[in-house]
Amino acid sequence: MKNDLIFMTKALQLAARGKFTTKPNPRVGCVLVKNGEIIGEGFHEKAGQGHAEINALKSATADVRGATAYVTLEPCSHHGRTPPCCEALISAGISRLVVAMTDPNPLVSGQGLARCKEAGIAITSDVLRTEAENLNRGFISRMTRKRPFVQSKIAMSLDGKTALENGQSQWITAAPARADVHLFRAESGAILTGIGTVLADNPSLNARVDFECVQPIRVILDSTLKMPPDCKMAKLDGRTLILTCSEDMQKHTILNNAGFETHILPTLNGRLDLHAVMEFLGTQEINTVFVEAGATLNGALLETGLVDEWLIYMASCVLGDKGRGAFSLESLQSMAQKKVLHWQEIRRVGEDLRLILS
């Protein structure tokens, strides 16, 4: 039905309003419609607060009995920090439920819809499902793959260099591109980098934006615990996870006392096992990981195929053949060994280009 598309589009727009604040929960919007008119709407804003369906019911301007509920994600059927939304819709007297996608959690998928159907509510599913899945690709990844959706951001020159020979990299791109990066940071559940970047740049790894957002968790890969306990991150609020292979308990104690969280993870060829890293971050309820790292880590991530999306900002400058490259890889002996990525989007941001590849 045409109206189903119109009202689900509105529900998706509402859901997107929570993209900087709902983590680790999914982004969900709900619209209540009766006699062709919207009588209530809501979205999930923060974990622990009202879900989209509850907020829509509370905002209703008319009796909701006999109304249609448009929800971007299957109503929950379990007791968590809030009661089941399917029970709230049933109690309110909703006669029809239109959903964009089912819950990706295999332990509960379909149960909310089944409960509503048992109560006599007519169900229509998969309306604008692709759009809803794109909005929650991190949550879907964590529920189905047990690991976050991974983006890696690289700023490079026109000739593919990320820094000068001496390591200087600020700034290759202009201010609009750097501001754009902070929007992606604000949307992510964690910002991840390697210890080399920390030692070279002493970064804050936070989202510097002028609106409310739940700040991402900071994640440092530090195999031998070289993390300086007095770096910038030690002075910031929120969690900083240091993932390591080191069993030097004295170093662990110093860093933990400085406010960091150290975790020992499995190794592979003498370094952190990147698959184990991503699986561990999934257990920390991180839906999306935003990687900002150097050539060594980006090369390893490319080799393991763990990056779902490459976010490359290309400036119209040239740094020359002595500059540092974006990926550290084993020497390739034939063109058949080249790493092939797939174009998703090209957009101009200020004077720079933003390239998205998978």
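In the predicted model, strand 1 (residues 29-34) and strand 3 (68-71) run antiparallel and are joined by four bridges. Within this pairing, leucine 32 has alanine 69 of strand 3 as its bridge partner. Strand 1 is also joined to strand 2, again in the antiparallel sense, and here the number of bridges is six; in this pairing valine 31 stands opposite glutamate 41 of strand 2. On the side of strand 4, by contrast, strand 3 pairs in the parallel sense, over four bridges, and alanine 69, the bridge partner of leucine 32, has leucine 97 as its bridge partner in strand 4.

These pairings belong to an open sheet of five strands, in which the order is 2-1-3-4-5 and the pairing is mixed. The edges of the sheet are formed by strand 2 (37-43) and strand 5 (122-124), and because each of these has a single partner strand, one side of each is left without a neighbour in the sheet. Direction ignored, neighbouring strands of the sheet are turned against each other by 15 degrees on average.

The side chains of strand 3 are divided between two directions, with Thr68 and Tyr70 pointing one way and Ala69 and Val71 the other way, and all of these residues are buried. Helix 1 (residues 2-16) lies across strand 1, strand 2, strand 3, strand 4 (96-99) and strand 5, and runs at about 145 degrees to strand 1.

Considered as a whole, the protein comprises 11 helices and 18 strands. Its radius of gyration is 23 Å, close to the 21 Å that the globule rule gives for 358 residues, and the protein is therefore as compact as a globular protein of that length. The C-alpha trace spans about 70 × 45 × 40 Å along its principal axes. When contacts between residues at least 6 apart in sequence are considered, 69% are found to join residues at least 24 apart.

Conventions: Residues are numbered from 1 along each chain as its sequence is written. This is a predicted model: local features need pLDDT of at least 70, side-chain atom pairs count only at pLDDT 80 or more; totals for chains, interfaces and linings use all residues. Side-chain values use heavy atoms; hydrogens and water are left out. Two strands pair if DSSP finds at least two bridges between them. Axes are lines fitted to C-alpha atoms, for helices over the stretch in contact, and angles run from 0 to 180 degrees between N-to-C directions. Contact means heavy atoms within 4.5 Å. The radius of gyration is taken over C-alpha atoms; the globule rule is 2.2 Å times the number of residues to the power 0.38. Buried means under 20% relative accessible area, exposed over 50%, partly exposed in between (1.4 Å probe, protein chains only).
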